[in-house]
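Hi,

Here is the model I said I would pass on. Have a look at it first, and then read my notes below.

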Amino acid sequence: MKNKMISALLATAMVASMMTVPALASEGETEAAATVDLSNVEAKEAYHFEIVSKGFQHQYWQAVLKGAQEEAERLGVTMNFVGPNSESDIADQVQMLNSAINAKPAAIGLAALSTDACNDALQQAKDAGIPIVGFDSGVPGAPEGSVVANAATDNYAAGELAAEKTYEVLKDRIAAAEGSVRIGVMGQDATSESIINRGLGFIDKIAELAEADGYTVTVEGNDKYVQDCKVEPTKEAKVILDVAVPSQVTAELSATDCQTLLNKDDTICIYGSNQHSGEAMVTGNENLQKLGSGEDQVLGVTFDSGTVIKEAVKNGTLYGAVTQAPVAMGAAVIDLLTMAANGEEVADVDTGCQWYTADNMDDAEIAQNLYD
């Protein structure tokens, strides 16, 4: 029987309900005709999978876990789903990945905290014949052939979507400002592929839209984002994109980053690129009460959901957010792991994203992707 729950979730996440996507072309090929269909996956054996997530700090990962558990039960496979206590604990995650390899599972799922730290372990897994499926984040620079597919939001495109919706609201305020305006960008780290790409997608798209309207743009703050974005630094820019990344992934440090941005006189907007940053924005605003949609307030936009963010969007503290489809992502990971263990061809799956505000967050297609 087809998994109707997964098909419905993935359809509303703006991917095909049949989950048929082009397979990645091998080196030297100009076209890839093969497809992967996740609607009819069946396990040839009672496989065991090891899954290493980024942790359990945020409700997002509980939603991914839920989807993985439900699909594993449907397919008759087992899994061990682990993650470090904090998304700063890169060394702990690498140790968990090594333990996963030593368990000799049929395949491993990995949401890498660092795109570099796992490479030795990935090579070890490849040498042992254990396929790796990435999720949430890709693993750029992984040893060739070690990561067979990724199930993730197109994070750069999701950042662009947030920027487009944000610029619609900010456009008139930028035009009316006599001096420069500042748009804060909060990232919990500068190591995770997903977080970096959501930040870069937002930065590059805001810059593109502002420059198209005749404004000069510059980026300052965290070196990784300044160096990797498409914006050329310039003095006395009209639009300043100010990137804040804490030294450690803690709620306190990120809330302080938010307060620092809110206290800059020219700040008109802050964007948080995941649930951690979005919740830190709400906390940082508690005493200052500067976030809101009024002309004299700072517009707040973020990523993901959870009880705190949903309530902040509903009451107007935050203007809107981009949601992923974490339950469907968890299910897709199990499907891809199963196909890889079966020896079938797999491919990257974009699990999609949607923009929501207080006006549409109760719509059925949006609400099912807004976890608590």
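**What I found inside**

The largest nonpolar core has 36 residues, and those touching the most other members are Ile174, Ile183, Phe202, Ile203, Val239, Leu241 and Val322. By nonpolar core I mean a set of buried Ala, Val, Leu, Ile, Met, Phe, Trp, Tyr and Cys residues joined through side-chain atoms within 4.5 Å. Buried is under 20% relative accessible area, exposed is over 50%, and partly exposed is in between (1.4 Å probe, protein chains only). At least two residues of this core come from each of α5 (155-176), β8 (181-186), α6 (193-212), β9 (217-221), β10 (239-244), β11 (267-272) and β12 (299-303). The largest share, eight residues, is supplied by α6. Helices (H or I, at least four residues) and strands (E, at least two) are DSSP runs, numbered from the N terminus.

Before going on: this is a predicted model, so local features need pLDDT of at least 70 and side-chain atom pairs count only at pLDDT 80 or more, while totals for chains, interfaces and linings use all residues. Residues are numbered from 1 along each chain as its sequence is written, and side-chain values use heavy atoms, with hydrogens and water left out.

As for confidence, pLDDT (the predictor's confidence in each residue, from 0 to 100) averages 90 over the protein chain, and 91% of the residues score at least 70. Over residues 1-34, though, pLDDT stays under 50.

What is Ile183 in contact with, leaving aside its neighbours within four places in sequence? Its partners are Leu170, Phe202, Ile206, Val239, Ile240, Leu241, Asp242, Ile268 and Cys269, where contact means heavy atoms within 4.5 Å. There is also a second, separate core of 34 residues, with Tyr47, Val133, Ala151 and Leu337 among them.

**Rings**

The count of aromatic pairs is eight. Rings of Phe, Tyr and Trp (its six-membered ring) pair if their centres lie within 6.5 Å; planes under 30 degrees apart are stacked, over 60 edge-to-face, and the rest tilted. Phe202 and Tyr271 are stacked, at 4.0 Å centre to centre with 10° between the planes. This pair links distant parts of the chain, since Phe202 is in helix α6 and Tyr271 in strand β11, 69 residues apart. Phe202 is buried at 0% relative accessible area, and Tyr271 is buried at 0% too.

Tyr319 and Trp355 make a tilted pair, because their centres are 6.0 Å apart and their planes at 50°. Tyr319 lies in the loop between α10 (307-315) and β13 (320-323) and Trp355 in strand β15 (residues 354-357), so the pair ties together parts 36 residues apart in sequence. Here Tyr319 is partly exposed at 26%, whereas Trp355 is buried at 11%.

Elsewhere, ring pairs link Phe56, Tyr60, Trp61, Phe81, Phe135 and Tyr371 into a cluster.

**Strands**

β15 is covered on both faces: Gln354 and Tyr356 are buried on one side, Trp355 and Thr357 on the other. β15 pairs with β13 in the antiparallel sense over four bridges, and Thr357 is the bridge partner of Gly320. Two strands pair if DSSP finds at least two bridges between them.

There is also an open sheet of six strands with parallel pairing, in the order β4-β3-β5-β6-β7-β14. Its edge strands, β4 (78-82) and β14 (349-350), each pair on one side only. Within it, four bridges join β3 (residues 48-52) to β5 (residues 107-110), with Ile51 opposite Gly109.

Cheers
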